[in-house]
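Here is a quick tour of one chain, from its overall make-up down to a few single residues. Keep the structure open while you read.

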Amino acid sequence: MVAGWEFFDKIYCISLAERPDRRAEAAAQFAGVGLADRVEFVVVPRHPTDREQGCYESHLQCMARGLAAGARRMLIFEDDIFFDGFSAAALERCTAFLAAEPDWHLFFLGCMVKSSGRTPFPGVIRVRYRSLTHAYAISGRFAERLMARPWRGVPYDDFLRDLRDERAFALYPSFAFQSNSPSDNERYLPLDRVRRLLGGLRNLQKLDAFYHRNRWAIIGAHLMALLVLILAI
């Protein structure tokens with residue numbers, strides 16, 4: 001086991017019962033980063049009427065299992081997980097931060113954000129979360145709070161986004177991405193096709209992180225280019 005993963009008391013991966021192919025792919029990904037003996041697959045049936053409700057309740061099911069086992073720190077993955085650029089050093093920076101930060105709520109190993117800011121820890125940023133829940137850590141105390149919020153018709157990503165939680169952090173650069181495996185959610189198939197045309201979620205996630213990390217430099221460069229163009233005219 002790679003040093004760093006032992007920081008987490010329980011590690012789960014959500015997978016639809018009808019997708020043994022994804023479980024096999026995810027298992028290979030976990031083996032590549034030293035997690036083969038730690039991940040517990042939470043195999044769930046497809047929700048009969050609402051895929052979003054099924055997703056939401058699956059994440060809460062993982063939290064319920066962890067809390068019942070006395071876990072204070074949990075990792076939750078989805079079975080389309082893909083690791084790229086993983087390093088034990090980055091993982092140790094992540095867990096060192098979490099150990100030193102007593103009141104963290106969420107820590108994303110990869111996600112889309114609305115904004116980000118620096119922390120005193122290299123490789124760790126504070127984020128305003130936007131979307132993607134394929135790889136994140138959650139504290140037991142915060143999981144208890146979410147468990148008190150059953151499904152109310154809001155997709156899980158949107159639910160987390162609308163919390164506007166100020167105790168959410170992320171690894172930078174990320175090493176956990178969603179694979180290019182086709183979405184199981186029919187509602188998002190058109191969006192899924194667009195993402196594929198743009199290079200897949202891995203590339204989009206990297207571009208999103210780069211933009212928010214270098215936002216002012218990028219804006220400044222565009223303003224300078226515009227000024228040069230105006231002067232040339």
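## The chain as a whole

Bear in mind that this is a predicted model. The chain has eight helices and 10 strands. It runs to 233 residues, and 46% of them count as buried. If you take the contacts between residues at least 6 apart in sequence, 78% join residues at least 24 apart.

How many residues does the largest nonpolar core have? It has 32, and the ones with the most contacts inside it are Met63, Leu106, Phe108, Tyr136, Ile138, Leu146 and Tyr156. Helix H2 (residues 51-68) is the top contributor to this core, giving four residues.

Beyond its neighbours within four places in sequence, Met63 is in contact with Met74, Ile76, Tyr136, Ile138, Ala143, Leu146, Met147 and Tyr156. There's also a second, separate core of 29 residues, and its members include Phe7, Cys94, Leu109 and Ala137. Cys94 counts as buried because its relative accessibility is 1%, under the 20% limit.

## Helix H2 up close

H2 starts with a side-chain contact: an oxygen of the Asp50 side chain comes to within 2.9 Å of the backbone nitrogen of Glu52. After the helix comes Gly70, with a positive phi near 85°. What about the length in between?

Thr133 sits in the loop between strand S7 (124-131) and strand S8 (135-139). Is Thr133 buried or exposed? It counts as buried, because its relative accessibility is 2%. Its side chain makes a polar contact with the side chain of Glu78, at 2.9 Å. Leaving out residues up to four places away in sequence, Thr133 touches His59, Glu78, Tyr156, Asp157 and Leu160.

Thr119 is in another loop, the one between strand S6 (112-118) and S7. Thr119 is buried as well, with a relative accessible area of 16%. A polar atom of its side chain lies 2.8 Å from the backbone oxygen of Val124. Val124 also shows up in the contacts of Thr119 beyond four places in sequence, together with Ile125, Arg126 and Phe169. Phe97 is 22 residues away from Thr119 along the chain, and their C-alpha atoms are separated by 9.5 Å.

Thr95 belongs to helix H3 (residues 88-100). With a relative accessible area of 9%, Thr95 is buried. The Thr95 side chain reaches the backbone oxygen of Glu92 at 3.2 Å. Not counting residues up to four places away in sequence, Thr95 touches Gly4, Phe7 and Phe8. Phe7 is one of the residues in the second core.

## Cysteines without a bond

The disulfide count comes to zero.

## Aromatic pairs

The structure holds 18 aromatic pairs. Take Phe77 and Phe83: their ring centres are 6.0 Å apart and their planes sit at 75°, so the pair is edge-to-face. Phe77 counts as buried at 0% relative accessibility, and Phe83 does too at 9%.

Which cluster do these rings belong to? Ring pairs link Phe77 and Phe83 with Trp5, Phe30, Phe41, Phe86 and Phe175.

Key:
Residues numbered from 1 in each chain as written. Predicted model: local features only at pLDDT ≥ 70, side-chain atom pairs only at ≥ 80, totals over all residues. Heavy atoms only, no water. Helix = DSSP H or I, 4+ residues; strand = E, 2+ residues; numbered from the N terminus. Buried < 20%, exposed > 50% of the residue type's maximum accessible area, 1.4 Å probe, protein only. Polar contact = N/O pair within 3.5 Å; in protein donor to acceptor, adjacent residues only side chain to side chain. Contact = heavy atoms within 4.5 Å. Core = buried A, V, L, I, M, F, W, Y, C linked by side-chain atoms within 4.5 Å. Disulfide = S-S within 2.5 Å. Phe/Tyr/Trp six-rings, centres within 6.5 Å; stacked < 30°, edge-to-face > 60°.
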